[in-house]
Amino acid sequence: MTVTVLEAILLGLVQGLTEFLPVSSSGHLVITQALLGITDDVLIFDVFVHLGTLAAVFAAFWQDILALLKKPFCRFTALIIVGCIPAGLMGVLLNDFFNSLYNSLLVVAIALIVTGILLFISDRFHGEKTIADMSFGDALLVGLFQGCAIVPGLSRSGSTIFGSLLCGLKRAEAARYSFILSIPVILGAALLESIDIFTGETVFEWTYFLGAAVAAACGYFAIRVFLKLLEKRNMRFFSYYVWLVAAAILISRIFA
């Protein structure tokens with residue numbers, strides 16, 4: 001479908017900010033597309049904005065990524081692989097189920113409420129472990145939280161941060177593991193969507209690149225803001241926000 005300049009900017013803005021702020025990018029994209037009246041397939045555009053957010057992670061954590069590229073067969077790489085297994089299996093085995101949830105704003109509202117609860121509790125954790133101290137069981141647990149976050153409205157970053165803090169990681173280390181763990185997941189999602197794209201006739205619009213650029217810039221900004229708020233234990237403010245959005249959705253459904 002054709003994405004207008006305004007739609008590209010708005011969707012790129014929403015994707016970039018909400019992919020890394022713990023408020024659920026999938027949930028906000030469902031809401032934004034509903035508000036804009038977008039009912040057509042935006043699969044190609046989704047791939048572009050996903051790649052934009054991926055660029056933001058590379059820009060924010062380039063030193064860690066460079067270190068992994070220099071020493072790919074290290075324990076950190078193994079922890080990332082283990083952490084990706086649950087999401088990979090759940091995404092493949094439950095793909096139709098998760099896709100069906102994207103048609104329900106009620107599901108988004110309920111998931112946002114759960115996200116808010118996780119974020120509110122997160123401020124109470126104060127771990128002492130580093131990524132080097134993580135066990136593979138810890139990585140698997142964080143991966144389970146990441147897999148569940150396929151549900152629209154359940155924040156991936158919020159869920160994996162909560163899982164990492166639950167395992168006893170320091171707040172900065174929890175964020176570092178969570179964001180680097182997002183790289184193969186975002187890339188994998190983009191690749192899966194690309195397979196569907198190239199099975200048919202593909203037309204690229206220049207607005208797709210605009211959306212990707214906006215998503216990259218906003219994503220980098222969101223990562224920096226999130227890291228500061230996480231360290232200061234201000235996650236509860238995101239809780240209030242997602243609860244407010246969930247309440248607005250539920251109220252709109254009651255009076256619809």
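Start by colouring the chain by confidence: the lowest mean, 76, is in helix H2 (residues 25-36), and the highest, 95, is in helix H8 (residues 136-148). The score is pLDDT, the predictor's confidence in each residue, from 0 to 100. Across the chain pLDDT averages 86, and 92% of the residues score at least 70. Where pLDDT is low, the predicted coordinates should not be read in detail.

This is a predicted model, in which local features need pLDDT of at least 70 and side-chain atom pairs count only at pLDDT 80 or more, while totals for chains, interfaces and linings use all residues. Residues are numbered from 1 along each chain as its sequence is written, and side-chain values use heavy atoms, with hydrogens and water left out.

**Stop 1**

Helices here are DSSP runs (H or I, at least four residues), numbered from the N terminus. Select H8. Its 13 residues should span 18 Å at 1.5 Å a residue, and its end C-alpha atoms are 18 Å apart, which agrees. The expected span of a helix is 1.5 Å times one less than its number of residues. Buried residues of H8 include Asp138, Val142, Phe145 and Gln146. Buried means under 20% relative accessible area, exposed over 50%, and partly exposed in between (1.4 Å probe, protein chains only).

Now move to H1, residues 5-20. H1 has 16 residues and reaches 23 Å from its first C-alpha to its last, close to the 22 Å expected. Among its buried residues are Glu7, Ala8, Leu11, Val14, Glu19 and Phe20.

**Stop 2: the nonpolar cores**

Which residues have the most contacts inside the largest nonpolar core? They are Phe20, Phe61, Ile161, Tyr177, Ile223 and Phe226, in a core of 47 residues. Helix H10 (residues 171-197) gives the largest share of this core, eight residues. A second, separate core has twelve residues, including Val3, Ala8, Val14 and Ile44. A nonpolar core is a set of buried Ala, Val, Leu, Ile, Met, Phe, Trp, Tyr and Cys residues joined through side-chain atoms within 4.5 Å.

Centre the view on Phe226. Not counting residues up to four places away in sequence, Phe226 touches Phe20, Leu21, Pro22, Ile161, Phe179, Met235 and Phe238. Contact means heavy atoms within 4.5 Å. Ring pairs also link Phe226 with Phe20, Phe61, Phe179 and Phe238 into a cluster.

Stay in H10 and pick Ser178. Ser178 counts as buried because its relative accessibility is 0%. With the same exclusion of residues up to four places away, Ser178 touches Arg156, Ser157, Thr160 and Ile161.

**Stop 3: aromatic pairs and charges over rings**

Rings of Phe, Tyr and Trp (its six-membered ring) pair if their centres lie within 6.5 Å; planes under 30 degrees apart count as stacked, over 60 as edge-to-face and the rest as tilted. The count comes to 13 aromatic pairs. Select Phe97 and Phe98, a tilted pair at 5.6 Å centre to centre with 55° between the planes.

Tyr240 and Trp243 form another tilted pair, 6.3 Å centre to centre with 50° between the planes. Both lie in helix H12 (residues 236-254), three residues apart, about one turn of the helix. Tyr240 is partly exposed at 42% relative accessible area, and Trp243 is partly exposed at 28%.

Next, show Arg75 and Phe136: the charged end of Arg75 sits over the ring of Phe136, 5.0 Å from its centre. The charged end of Arg236 sits over the ring of Phe237, 4.7 Å from its centre. The rule asks for NZ of Lys or CZ of Arg within 6 Å of the ring centre and within 35 degrees of the ring normal.

**Stop 4: the loop between H11 and H12**

Select Arg233, in the loop between helix H11 (206-231) and H12. Its phi is near 60°, a positive value in a residue other than glycine. Most residues other than glycine have a negative phi. Arg233 is partly exposed, with a relative accessible area of 29%.

Asn234 lies in this loop between H11 and H12, and is buried at 17% relative accessible area. Asn234 touches Asp123 and Leu229, not counting residues up to four places away in sequence.

Methods: Helices (H or I, at least four residues) and strands (E, at least two) are DSSP runs, numbered from the N terminus.
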